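Here's a quick briefing to read alongside the fold. Have the sequence and the 3D view open, and hop between the topics as you like.

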Amino acid sequence: MSTDVSSSAHGNPEHAAAGEAAKALDLAARPQKMSPESVTIITTLLVATFVVILNETIMNVALQRLMVDLRVDAPTVQWLSTGFMLTMAVVIPTTGFILQRLTTRAVFMLAMGLFSGGTLLAALAPGFEVLLLARVIQAGGTAIMLPLLMTTILTLVPLERRGAVMGNVSIAISVAPAMGPTVSGLILEHFSWRFMFVFVLPIALAALAIGARYLTNIGETGKTRLDALSVLLTVPAFGGLVYGLSQIGGGGQSGPGASAVVALVVGVVALAGFVLRQLKLQKTDGPLLDLRAFDFRMFTVSVLLLVVAMIALFGTVILLPLYLQEVRGLRALETGLALLPGGLAMGLLGPFIGRLFDKVGPLPLTVTGSLLMVAALWQFSTLDAGSPIGWIISLHVGLSLGLALVFTPAFTTGLNPLPPHLYSHGSAILSTLQQVAGAAGTALLVSIYAVVAAAAGAVAGMHAAFLTAAVIALAAVVLSAMMRKTAGAAH
């Protein structure tokens with residue numbers, strides 16, 4: 001790492017980044033191609049990330065079947081989702097350290113080894129407790145994959161091609177969760193719930209084998225010391241926040257229980273302690289999560305924009321199936337098929353939007369996308385029991401297009417100005433806040449739906465929840481207008 005890059009983290013980062021602009025322009029003037037090895041590495045990581053994210057949503061429509069087969073009640077079976085989400089929230093903040101301490105190959109083998117092992121255990125699980133343990137192991141591998149992919153792209157891909165490559169990432173983070181309910185619905189129509197894991201396992205093992213054969217190490221490993229107190233604080237901080245928010249969302253019209261309130265209070269206090277600890281470690285040893293990434297204005301704006309978009313997205317992912325099943329009476333498979341076009345549109349448009357980003361920058365894309373989000377969510381708030389299914393699918397495709405126009409530019413614009421030693425930390429911060437924002441969006445919108453539905457019916461509950469999401473999305477319009485193209489930091 002060069003001295004000027006290191007000093008940029010301690011001085012004015014915007015000036016330091018601007019000081020490298022001439023170098024970046026000079027590099028941009030020359031055509032740069034990715035090496036075949038780089039393409040192989042990124043493709044392997046993309047396939048692996050697609051598989052682990054597909055697994056994240058594949059369970060959603062299977063919970064009813066699992067309650068019967070495993071003889072457990074609804075609050076108990078919900079822990080298969082809650083436990084997964086909690087593990088993600090606790091592990092992701094540590095990935096900044098993991099990615100700096102271990103080699104690329106070692107991190108990949110750890111992530112896919114955990115995921116494959118957890119998937120095999122889930123397929124063979126004799127009862128609920130073992131299945132829950134398997135989901136926790138799977139989540140440990142899943143939590144590492146997306147920050148690993150982001151950090152690898154930042155390291156290997158020339159600045160002027162990052163938008164196009166980041167666009168391919170949206171295939172993994174958009175199409176995979178959209179396909180999850182459809183795939184599991186098809187499997188459950190014909191097979192046991194175990195085949196959800198049997199279906200995923202060969203793909204995971206193939207990705208593991210390809211990675212073991214072709215993946216090479218990139219970048220340099222550091223000698224950063226692991227701060228035990230920081231690791232301990234991540235559990236109540238991020239785990240407490242996500243658990244508390246998820247319990248509020250599940251509390252419905254009865255309101256948040258005492259456990260949810262306590263978890264949130266503990267989470268906020270522990271998070272304050274975690275932040276103070278990282279600020280102290282930044283002056284001496286390496287922090288677990290380096291918050292100096294927030295010194296870069298475009299990183300901060302992009303993070304806030306992604307948080308707002310994730311609140312809208314996760315809330316809609318829960319609300320729309322509720323509407324289709326409870327108000328319109330669709331079966332699980334029909335619901336999955338209705339939501340599939342939107343997910344496919346979001347992912348498949350990603351590479352095109354990425355290439356467009358490389359040419360025109362973030363501003364026109366994010367402003368258009370955020371306005372589309374607001375319009376689609378507002379239209380969702382007008383749906384009733386007689387709204388045509390075709391119109392609902394069209395609205396979902398419109399919302400998905402809006403989110404695609406926001407996600408790829410925001411990811412790329414936020415991470416571009418970071419110097420190489422902050423790549424892993426920036427990726428970890430983005431992934432962590434996505435998890436917390438997703439839990440917050442789900443909690444807020446499902447709670448509003450449940451309270452209003454109890455008093456005035458399901459349709460009124462949907463109207464109130466979607467209208468709230470549309471109002472929140474207005475913040476995305478303001479943040480989108482602040483987006484600017486950034487020069488990358490020198491390697």
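Accessible area here comes from the Shrake-Rupley method with a 1.4 Å probe. On that basis, the chain exposes about 19,300 Å², with carbon and sulfur atoms supplying 69% of it. Keep in mind that this is a predicted model.

**Overall make-up**

- The secondary structure is helical, with 21 helices and zero strands.
- The chain has 491 residues, and 55% of them are buried.
- Take the contacts with a separation of 6 or more: 84% of them come from residues 24 or more positions apart.

**The nonpolar core**

- The largest nonpolar core holds 146 residues, and within this core Leu66 and Met112 touch the most other members.
- The element that gives the most to this core is helix H15 (residues 297–327), with 17 residues.
- Who does Leu66 touch, once its neighbours within four places in sequence are set aside? The list is Met59, Arg71, Val72, Val77, Leu80, Leu131 and Trp193.

**Arg71, a contact of Leu66**

- Arg71, which is on that contact list of Leu66, sits in the loop between helix H5 (63–70) and helix H6 (74–77).
- Is Arg71 buried or exposed? Its relative accessibility is 76%, so Arg71 counts as exposed; the cut-off for that label is over 50%.
- The backbone of Arg71 is worth a look too: phi is near 55°, a positive value in a residue other than glycine.

**Aromatic pairs**

- Searching the whole structure turns up seven aromatic pairs.
- One of them is Trp79 with Tyr243: the ring centres are 5.6 Å apart and the planes sit at 20°, so this pair is stacked.
- That pair ties together distant parts of the chain, as Trp79 is in helix H7 (residues 79–91) and Tyr243 is in helix H13 (residues 228–251), 164 residues apart.
- How accessible are the two partners? Trp79 is partly exposed, at a relative accessible area of 33%, while Tyr243 counts as buried at 19% relative accessibility.
- The cut-off for buried is under 20%, so Tyr243, at 19%, gets that label.
- Phe294 and Phe299 make another pair, with ring centres 5.3 Å apart and planes at 70°, so the pair is edge-to-face.

**The cavity**

- How many cavities of 30 Å³ or more does a search of the whole structure find? It finds one.
- The volume of the largest cavity is about 30 Å³.
- Its lining is made by Val303, Leu306, Val307, Met310, Ile429, Leu430, Leu433 and Gln434.
- H15 and helix H20 (423–456) each put at least two residues into that lining.

**Thr408**

- Thr408 is found in helix H19 (residues 389–415).
- Thr408 counts as buried, with a relative accessibility of 3%.
- Which residues does Thr408 touch, not counting those up to four places away in sequence? They are Gly163, Met166, Gly167, Ser170, Gly350, Ile353 and Gly354.

Technical notes
Residues numbered from 1 in each chain as written. Predicted model: local features only at pLDDT ≥ 70, side-chain atom pairs only at ≥ 80, totals over all residues. Heavy atoms only, no water. Phe/Tyr/Trp six-rings, centres within 6.5 Å; stacked < 30°, edge-to-face > 60°. Helix = DSSP H or I, 4+ residues; strand = E, 2+ residues; numbered from the N terminus. Buried < 20%, exposed > 50% of the residue type's maximum accessible area, 1.4 Å probe, protein only. Contact = heavy atoms within 4.5 Å. Core = buried A, V, L, I, M, F, W, Y, C linked by side-chain atoms within 4.5 Å. 1 Å grid on protein atoms, 1.4 Å probe; cavity = no way out; pocket = protein on both sides within 12 Å on 5 of 7 lines; lining within 4 Å. Points joined across faces, edges and corners; volume = space filled by probe spheres on them.
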